[in-house]
Amino acid sequence: IRDNPDAEELNLVDIPVNIFQMLLSFMYGDKIDIKDENSKELFMAAGRLKIFELQNMTAENLIKQINQDTAIELLSLSNKYNHNPLRQKCFEEVQKTFPEIKNDLIDDPAKLQKFIDTKIKLDEMTKKFQEDFIK
């Protein structure tokens with residue numbers, strides 16, 4: 001960094017020690033055991049450090065964890081760290097429940113979450129209205 005004025009300074013203090021140890025093990029050729037509980041942090045660290053092979057490995061693990069509760073959060077991470085396969089799988093999971101969602105929302109998880117929240121509220125109001133009307 002001192003010899004290259006265009007280089008970015010890299011701050012690693014926010015990477016947890018266990019994740020940093022896994023990064024070092026991976027970079028020095030040791031096998032690492034990616035567990036569900038550390039795959040998200042490892043994915044973020046690998047993406048941030050541009051260790052693409054490790055990022056792909058952790059994304060494969062995250063894809064197995066996608067469900068309706070995790071899809072938006074993982075979609076946001078996949079957008080932030082530019083990982084298209086994870087991004088697509090997350091969006092497909094959301095579309096299982098909300099098939100009317102348009103593809104352009106894949107790039108904006110916050111807007112997607114607002115759409116989902118609004119749709120759920122509207123469905124609840126419609127159901128209540130129907131129940132009240134039947135009475």
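Keep in mind that the model is predicted.

Let's start with helix packing. Two packed helices are described by the angle between their axes and the distance between the axes. Take helix H1 (residues 17–27) and helix H2: their axes sit 10 Å apart, at an angle of about 60 degrees. Angles under 35 degrees would count as roughly parallel and 65 to 115 as roughly perpendicular, so H1 and H2 end up oblique to each other. The crossing of H1 past H2 is right-handed. Which residues do the touching? On the H1 side they are Ile-19, Met-22 and Leu-23, and they meet Asn-38, Glu-41, Leu-42, Ala-45 and Ala-46 of H2. Sorted by class, that contact has six nonpolar residues, one polar and one charged.

Now move along to H2 (residues 36–48) and its other partner here, H3 (residues 52–65). The axes of these two helices come within 8 Å and cross at roughly 140 degrees. Roughly antiparallel would take an angle over 145 degrees, so H2 and H3 are oblique to each other as well. Their crossing is left-handed. From H2, the residues in contact are Asp-36, Ser-39, Lys-40, Leu-42, Phe-43, Ala-46 and Gly-47, and from H3 they are Leu-54, Gln-55, Thr-58, Ala-59, Asn-61, Leu-62 and Gln-65. This contact splits into six nonpolar, six polar and two charged residues. Leu-42 and Ala-46 turn up here and also in the contact with H1.

How many aromatic pairs does the model have? The count is two. A pair of aromatic rings is described by the distance of the centres and the angle of the planes. For Phe-43 and Tyr-81, that is 6.0 Å centre to centre and 85 degrees between the planes, an edge-to-face arrangement. Phe-43 is in helix H2, while Tyr-81 is in the loop between helix H4 (71–80) and helix H5 (84–97), so this pair ties together parts that are 38 residues apart in sequence. Phe-43 counts as buried at 0% relative accessibility, and Tyr-81 is buried too, at 14%.

Then there are Phe-129 and Phe-133, a stacked pair with 6.2 Å between centres and 20 degrees between planes. Both belong to helix H6 (residues 109–134), where being four residues apart separates them by about one helical turn.

Conventions: Residues are numbered from 1 along each chain as its sequence is written. This is a predicted model: local features need pLDDT of at least 70, side-chain atom pairs count only at pLDDT 80 or more; totals for chains, interfaces and linings use all residues. Side-chain values use heavy atoms; hydrogens and water are left out. Axes are lines fitted to C-alpha atoms, for helices over the stretch in contact, and angles run from 0 to 180 degrees between N-to-C directions. A crossing is left-handed if the near helix is turned anticlockwise from the far one by less than a right angle, and right-handed if clockwise. Contact means heavy atoms within 4.5 Å. Ala, Val, Leu, Ile, Met, Phe, Trp, Tyr, Cys and Pro count as nonpolar, Asp, Glu, Lys and Arg as charged, and the others, Gly among them, as polar. Rings of Phe, Tyr and Trp (its six-membered ring) pair if their centres lie within 6.5 Å; planes under 30 degrees apart count as stacked, over 60 as edge-to-face and the rest as tilted. Buried means under 20% relative accessible area, exposed over 50%, partly exposed in between (1.4 Å probe, protein chains only).
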